[in-house]
Amino acid sequence: MLKSYIGIFKMEFKGELQYRAKAISGIATQFFWGLLQIYLYMAFMTSDTINGLTLSQLSSYVWLGQAFFAMRFITMNKKIGKDITNGNVCYKFVRPIDMYDQWYAEGIGQKLASTLLRFAPIIIIAIFLPPNLRLYAPVNFIAFVLFVLSLILGLLMSHTISMFAIFLTFKTLSDKGSVGIVSSISNLLSGVIIPLPLLPLSLQNILNYLPFRFISDLPFRIYIGNISTHEGLIYLAIGFAWLIVLIILGKNLIKYALKKTIIQGG
Amino acid sequence: MLYKNYLKMHIKSSFQYRYNMIFIAFNQVLINIGEVLAVYLLFQQFTLVAGWTFYQSLLMMGIVFTVFPFDECFARGYDEFPQLIQSGDLDRFLIRPVNIHYQIFGSKIEFTKIPRLLLGITISIIALVNINIDWNILKVLVLIATYICGISVIFGLFVFSAGISIFTVENLEFINILTNGSKELAYYPINIYAKWLTRIFTYIIPIACFNYLPLSYILEIGTIPPWLCAISPLLGMLFLIPCVLFFNYSLHKYKSTGT
């Protein structure tokens, strides 16, 4: 059974790797955004630290965000959206595999491929930028290991949240709108619009325990040493607990939506 | 008039998918509110950015949020120009005895941007009410010119990238930096960025002309001569000329993609 999902994953992975020109253009864009953001925060920062964060930590945070942007965003396969709105999705019902699992494998394949295709060039360029604008090394080796671990959690979490957009598409029949709603909430609460460490502490105390911050905020903050390895382990456990809860919830919602789906012939 | 017919047609066609339209519009407003919230929270932490207060910065955001949806609504044909090329509609436009620009304007009107436009106007009003300004006739005129300048500069960028897409057929993501990059940059006073960035976005793409330049005249702050600040929106509007010339040149070179 698992084999078919791995097959789906591989297929999407290879498909995504075909779009190299798109990736290069995307990298250039991300690079410009990164610079822009750092210059902006430089203008904001009048003192050396803000909420215990130095400018060099902040620029590392921004570059990591740009390097791994493909996994931070809430996306939905256009094919899925189209299939649901035009009704072709019913052909998939006849297959003997779980819809949620199939879409999950597809999406993770795409997300992983587009992340792997894009992150290295940005990291390499960012390392060689002038001081205060550049990406610094992780605080220590254990932090780096935890960073990689939490990045995997982030990829899964980002996609698990994306899956709710599919449910919304079933309900609203507007794929663009559904992805938009989920992503605008996620972007604000996960630190894509502004890094969470820059927010007022009282707000951070709430956001730290919501699922969105596990997408990218946790790994980046472990990397720059803003969260100690001890604290990081605790957060990692909370994150995985959220992941399980959200997957179960998402699975049931999709099941419910599929049950309610009326196919109008044609 | 022909444009009236275009308008009627687009209203009819978008109201065919009413819920979809409302949903998309609602969602776009939500994105903008999220962005305003983000800026508000940043200002909670820092109170002043390079001497600008939250409401002063909010006014710049209000300008961007007004002029951008305006162009996206009424100049959508240029914004999504690659679609006109790919679908072959451009070829059909070229053989009709009506001005090409007129037809591109009429090819698409995006009504889902209207709520966003209203939000932009609301934000501008909220900001203006909360800033102490000694109003006089000239300042009102400068403010109006600022909005018109914003509309023309962003429209110029749309026309320019449409001109480029005649050669590339597809909309390159990199070109988006020009439009979306300018937009995000203009959320804050442009002069807070690094010198080279400020220069590019003052002299090459005149974002500053609907951003901190006219506002420093209206708010009476800054070191740049006031008369220069006052006429800056007029200078910014000139940006449209080379963009249109470039577009016409590209169109002259246009070879159809075939069917």
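Trainee: What radius of gyration would a compact globule of 259 residues have, and what does chain B have?

Mentor: The radius of gyration is taken over C-alpha atoms, and the globule rule is 2.2 Å times the number of residues to the power 0.38. For 259 residues that rule gives a value near 18 Å, and chain B has 19 Å, which agrees. Along the principal axes, the C-alpha atoms of chain B fill a box of roughly 55 × 40 × 35 Å. This is a predicted model, in which local features need pLDDT of at least 70 and side-chain atom pairs count only at pLDDT 80 or more, while totals for chains, interfaces and linings use all residues. Residues are numbered from 1 along each chain as its sequence is written, and chains are lettered from A and ligands numbered from 1 in the order in which they are written.

Trainee: What is the average pLDDT of chain B, and where is confidence lowest?

Mentor: pLDDT is the predictor's confidence in each residue, from 0 to 100. Chain B averages 87, and 97% of its residues score at least 70. The lowest mean in chain B, 79, belongs to helix H10 (residues 173-185), and the highest, 93, to helix H8 (residues 114-130). For the complex, the predictor gives an ipTM of 0.78 and a pTM of 0.85.

Trainee: How many helices and strands does chain B have?

Mentor: Helices (H or I, at least four residues) and strands (E, at least two) are DSSP runs, numbered from the N terminus. Chain B has 14 helices and zero strands. One of these is helix H9 (residues 137-168) of chain B, with 32 residues. The expected span is 1.5 Å times one less than the number of residues; H9(B) reaches 47 Å from its first C-alpha to its last, close to the expected 46 Å. Just after H9(B), Val169(B) takes a positive phi of about 65 degrees.

Trainee: Which other residues have a positive phi, and are they buried or exposed?

Mentor: Most residues other than glycine have a negative phi. Asn132(A), with phi near 75 degrees, is in the loop between helix H7 (99-127) and helix H8 (141-172) of chain A. Glu220(B), with phi near 55 degrees, lies in the loop between helix H12 (212-218) and helix H13 (226-237) of chain B. A residue is buried if 20 or more other C-beta atoms, placed from the backbone, lie within 10 Å of its own, exposed if 12 or fewer, and partly exposed in between. Asn132(A) is partly exposed because it has 13 such neighbours; Glu220(B) has 11, so it is exposed.

Trainee: How many residues does each chain give to the contact between A and B?

Mentor: Chain A gives 26 residues and chain B gives 30. On the side of chain A that touches chain B, H2(A) gives the most, with 11 residues.

Key:
Two residues are in contact if their C-beta atoms, placed from the backbone, lie within 7 Å.
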